[in-house]
Structure formats: C-alpha cells, structure tokens
Amino acid sequence: MAREAGVSKATASRALMRPDMVAAPTLERVRSAAERLDFQPNRAARALTTGRTGMIGLIVPTLANPFFAPLVLGAQRAAEETDSLLLLTVSEYDARREAALADRIADQVDGLVMVAPVGTDRALRERARHRPLVLVDRKVGRLPSVVLDTAQGTSELVAHLLELGHREIAYVSGPPGSWADARRRDAMRAQTEAAGARLHVLGPLPPTFDAGIEAVGALPEGVTAAVAYNSYLALGLLHGLEAAGIKVPGEMSIAAADDLTTLAATTPSVTALGVPVEEAGRLAVVRLLEICAGPRRTVADRLPTAVHPRDSTAPPRRP
C-alpha cells in the first residue's frame, strides 16, 4: 500500500494511525491508495505498536429521546474523519449502570465521551485520572467538557414569555439527577423573580410524551404558560391540553427547551429552543482525540442556543 501511494512504510502507517501528523496531500494519496487496494488496517496491530486502539467509548443515557440521535451522528462523523470507531453504550439514566459500562469498556477504548452523566463529581474525576474523558452537558471542575447552553436558552424562552405578558409560568422539568435541568431551573427562576413573576416547577419527570400528558393535570391554577424540558414533554403537554379542552395559545402558551421533533409542524407550531446537538457530539470527539494525542490545556466549550418563536406562544387571555 505504501508503494501504491508513493510514500515510505512509516509515512503510510502514520497517515492511517495519526492522520493529524501528515500533510493533507500525502494523507489523501495514502487514503486513495488504501481505497483502491481495499486495505483495512489491523487494529490489534495498531494497539500493539501505538498503545491506541482507534476506538472511542460513547456513553449516552438513552436512545429513546430524539435529543441524542444527532449527537451520536456528530460523534460518529468526527470519529470517521480520523479513522476511529465508536463503541456506543446506553446507561438508562442509572449511575451504577453508567459506572459499570465505563469500567467494562475502559480497556477497549482510547478515551470516553460521557453524555449527560448522572454519576457524582468525585466518580467522574476519578475516572478521568485513568482514561481521557470528555463530558457533554455536564460540568465538573476543570474536566474537559462540551456544554449546550440551554440554561441561558431557557432563560431567553422565559424572557420571551414575560415580554408577552405572562407572570405565572410553569417549568415541566426533566429526569432526576440531570445537571442541565438543575441549571435551567436556576436560570428561569432568576429571570422570573427579577421580573416580579413566578416560576412553578413540576417534577422531576421522565422526559416522555406520556409524562407530558400527565403533567397537564398538575399545572397550578393561574399558570398561563409552560416551558417543557424537551420536545417529547412539549408534545405530551400539547396533546393533554387539547384533550382537556384547553386552547393553545389562547388559554395556555407552550414552549420547549429543545427543537428536535416535529414541533415546527404541529398545530399550533411550538416555540422551541434551537440546540446544536450534532455539533456537540462532533466537538466532544475532536476534544477527546486532542487529549489522546498529547498534553493540552483543559478546554470547556459552551455552545449557544437560539429561541425559535412560533404559534404556541401568545399574550395571556385577560380576565
């Protein structure tokens, strides 16, 4: 394969195992030669010679929530760009299972990306001492992380509702132990208090369609707007309110803290927070590979979100 590409064996090996260390034209020649010859590098041999497996562990809390699908896709695309593979596991929002999975795959991967982990700060710091680790949607001290700024985003959603005239706002919150959910609550509470309004928190709740339907019956009297932790809860709220004969947005305004299902196509379309989830997955893998390549400064990336106003939010009905 090296002869086909017109390079030395060392350069060909480096192009396949450490593409970041090879000039772009040379890398392209080696990859083209490998494709023509249908060459597949031996990962076991790679591990013996470099100490690296070319595998990245990705632990997500669930695959039932559409939030995580684009994140996995972004991570996979970033891995493929460096000839790495993803080893995907699902923790089911369970700290013990999360720890057991991380332990089980630790020796098979070069590093871990843990998405919205529910383990303790101490457990995550200890894990980072033994394997390169990047957190997504969780911040622990100086550990490398990629955080989607949904706290600021939900604060802006509340600002949108306050501007419309709402003063009694509900937050239909997410799963117990969610780091991001706690920060959203704090940000929204600060925003409502500063405006002389009130935030009513429902939950914690599973981030599901059924939980959104059930939350309708728990909305406090006087609430005129609700922000849902995710799209599924928002869709459940919309369905439950319609079943209860409560008009949206005439009697209740609804907004979602992500925009990952068909919220723009519902009737009414749902005001939501645009969240760059695929970019978070891509960036987390990039940061992990940087750590694996050698000592670098700790990086904490914060990705901004954007409010997408739609038909589900309007001024509250006056008595």
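Student: How many residues does helix 9 have, and how far does helix 9 reach?
Tutor: Helix 9 has 16 residues and reaches 23 Å from its first C-alpha to its last. That is close to the 22 Å expected at 1.5 Å a residue. Bear in mind that this is a predicted model.

Student: Which residues of helix 9 are buried?
Tutor: Trp179, Ala180, Asp181, Ala182, Arg184, Met188 and Thr192 are buried.

Student: Some of those numbers go up in fours. Why would residues four places apart point the same way?
Tutor: An α-helix has 3.6 residues a turn, so residues three or four places apart point the same way.

Student: What goes on at the two ends of helix 9?
Tutor: At the start, a side-chain oxygen of Ser178 comes to within 3.1 Å of the backbone nitrogen of Asp181. After the helix comes Gly196, with a positive phi near 75°.

Student: Different topic. How many cavities of 30 Å³ or more are there?
Tutor: The search of the whole structure finds 1. About 190 Å³ of space lies in the largest cavity. It is lined by 18 residues, and those closest to its centre are Phe68, Ala116, Asp137, Ser178 and Tyr229.

Student: Which helix gives the most to that lining?
Tutor: Helix 9 does, with 3 residues.

Student: How does the lining divide into nonpolar, polar and charged?
Tutor: There are 11 nonpolar, 4 polar and 3 charged residues in the lining of the largest cavity.

Student: Back to Ala116. Where is Ala116 found?
Tutor: Ala116 is in the loop between strand 3 and helix 7 (121-130). Its phi is positive, near 45°, in a residue other than glycine. Most residues other than glycine have a negative phi, and most peptide bonds are trans.

Student: Which other residue has a positive phi although it is not a glycine?
Tutor: Glu92 is one, with a phi of about 60°. Glu92 lies in the loop between strand 2 and helix 6.

Student: Ser91 is in that loop as well. Is Ser91 buried or exposed, and what about Glu92?
Tutor: Ser91 counts as buried because its relative accessibility is 2%, under the 20% cut-off. Glu92 is exposed because its relative accessible area is 53%, and exposed means over 50%.

Student: What is Ser91 in contact with, leaving aside its neighbours within four places in sequence?
Tutor: Ser91 is in contact with Ile59, Val60, Pro61, Arg97, Glu98 and Leu101.

Student: You mentioned peptide bonds. Which ones are cis?
Tutor: The bond from Gly203 to Pro204 is cis, with omega near 15°. The bond from Thr267 to Pro268 is also cis, with omega near -5°. Pro204 is in the loop between strand 7 and helix 10 (209-216), while Pro268 is in the loop between strand 9 (253-256) and strand 10 (271-274).

Student: Last one, the chain as a whole. How many helices and strands are there?
Tutor: There are 12 helices and 12 strands. Of the 319 residues, 50% count as buried.

Technical notes. Residues numbered from 1 in each chain as written. Predicted model: local features only at pLDDT ≥ 70, side-chain atom pairs only at ≥ 80, totals over all residues. Heavy atoms only, no water. 1 Å grid on protein atoms, 1.4 Å probe; cavity = no way out; pocket = protein on both sides within 12 Å on 5 of 7 lines; lining within 4 Å. Points joined across faces, edges and corners; volume = space filled by probe spheres on them. Helix = DSSP H or I, 4+ residues; strand = E, 2+ residues; numbered from the N terminus. Nonpolar A, V, L, I, M, F, W, Y, C, P; charged D, E, K, R; others polar. Expected span 1.5 Å × (residues − 1). Buried < 20%, exposed > 50% of the residue type's maximum accessible area, 1.4 Å probe, protein only. Polar contact = N/O pair within 3.5 Å; in protein donor to acceptor, adjacent residues only side chain to side chain. Contact = heavy atoms within 4.5 Å.
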